[in-house]
Amino acid sequence: MAVTSWLEVLRSAEKTALLQDGKRMVHYLFPDGKEMAEEYDEKTSELLVRKWRVKNALGALGQWQLEVGEPVPSGAGSLGSELIKESNANPIFMRKDTKTSFQWRIRNLPYPKDVYSVSVAQKERCVIVRTTNKKYYKKFSIPDLDRHQLPLEDSALSFAHANCTLIISYQKPKEVMATESELQKELKKVKTAHSSAGDCKTQ
């Protein structure tokens, strides 16, 4: 089964963990050289951050690619106030999951809810966001479903709009929730270091 296969990939990874500032940071090194770093809320086990890093064709490590969590603007400190203000007015896309749903938030979208269309593109295996006024278009995949080799279902998709933010939710399939539950059991077996300062080592 696909669930077992992805779970086995996670189990096969070399894992290190660090507890800091109420967060459990886990670094995975997979047999193929890929790296994954996750951050969990220590009390709730809620996933806060997931990012990936792979080697390029020459064997050098690339940049971390964020999958879950809030993106940090690059070079924000060196920008002038006018540029920062302009950047803050642009739509900001991020993923922040709940226990039962994958969830994405797109900030700075001021249009009313009836302007938006959110649908599944089965052949492309992605979610598409459109507006009837043609002011915004976004296409994104759900890597968790790809890793589990599961289909995308329109019935699992819903969205809401409030405070200039479009919130898109996709109900997690039972296979994904089962894997996440098993992974938490696996992570409890990983020896965890404690730190009061500094960041998790993900170099």
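**Close-up 1. The lining of the largest cavity, by residue class.** Five nonpolar, two polar and five charged residues make up the lining of the largest cavity; here Ala, Val, Leu, Ile, Met, Phe, Trp, Tyr, Cys and Pro count as nonpolar, Asp, Glu, Lys and Arg as charged, and the others, Gly among them, as polar. This is a predicted model, in which local features need pLDDT of at least 70 and side-chain atom pairs count only at pLDDT 80 or more, while totals for chains, interfaces and linings use all residues. Residues are numbered from 1 along each chain as its sequence is written, and side-chain values use heavy atoms, with hydrogens and water left out. The lining residues are Trp6, Leu10, Met36, Glu38, Arg50, Asp144, Arg147, His148, Val176, Thr179, Glu180 and Leu183. A cavity is a set of points, on a 1 Å grid over the protein atoms alone, where a 1.4 Å probe fits but cannot get out, and lining residues have an atom within 4 Å of a point.

Close-up 2. How many residues does helix 4 give to the lining of the largest cavity? Helix 4 gives the most, with four residues. At least two lining residues each come from helix 1 (2-12), strand 3, helix 3 and helix 4; helices (H or I, at least four residues) and strands (E, at least two) are DSSP runs, numbered from the N terminus. The volume of this cavity is about 110 Å³, where a volume is the space filled by probe spheres set on the points, and grid points are joined across faces, edges and corners. One cavity of 30 Å³ or more is counted by this rule.

Close-up 3. Six strands, in the order 5-4-3-2-1-13, form an open sheet with mixed pairing; two strands pair if DSSP finds at least two bridges between them. At the edges are strand 5 (65-68) and strand 13 (192-194), each pairing on one side only. On average, neighbouring strands of this sheet are turned by 20° against each other, direction ignored. Helix 4 (residues 174-187) lies across strand 1, strand 2 and strand 3, and runs at about 95° to strand 2. Axes are lines fitted to C-alpha atoms, for helices over the stretch in contact (heavy atoms within 4.5 Å), and angles run from 0 to 180 degrees between N-to-C directions.

**Close-up 4. Strand 2 and its two partners.** Is strand 2 (residues 23-29) mostly covered or mostly open? Strand 2 is mostly covered, with five of its seven residues buried (under 20% relative accessible area; exposed is over 50%, partly exposed in between; 1.4 Å probe, protein chains only). Strand 1 (residues 14-20) runs antiparallel to strand 2 and is joined to it by seven bridges, with Glu14 opposite Leu29. Two residues separate the strands of this hairpin, where Asp21 has a positive phi near 55°. Strand 3 (residues 35-41) also pairs with strand 2 in the antiparallel sense, over seven bridges, and Lys23 faces Asp41 across this pair. Five residues lie between strand 2 and strand 3, including Gly33, whose phi is positive at about 95°.

**Close-up 5. Strand 3, strand 4 and the loop at Ser45.** Strand 3 and strand 4 (residues 47-53) run antiparallel, joined by six bridges, and Met36 stands opposite Trp52. In the loop between these strands sits Ser45, a non-glycine residue with a positive phi near 65°.

Note on methods. 1 Å grid on protein atoms, 1.4 Å probe; cavity = no way out; pocket = protein on both sides within 12 Å on 5 of 7 lines; lining within 4 Å.
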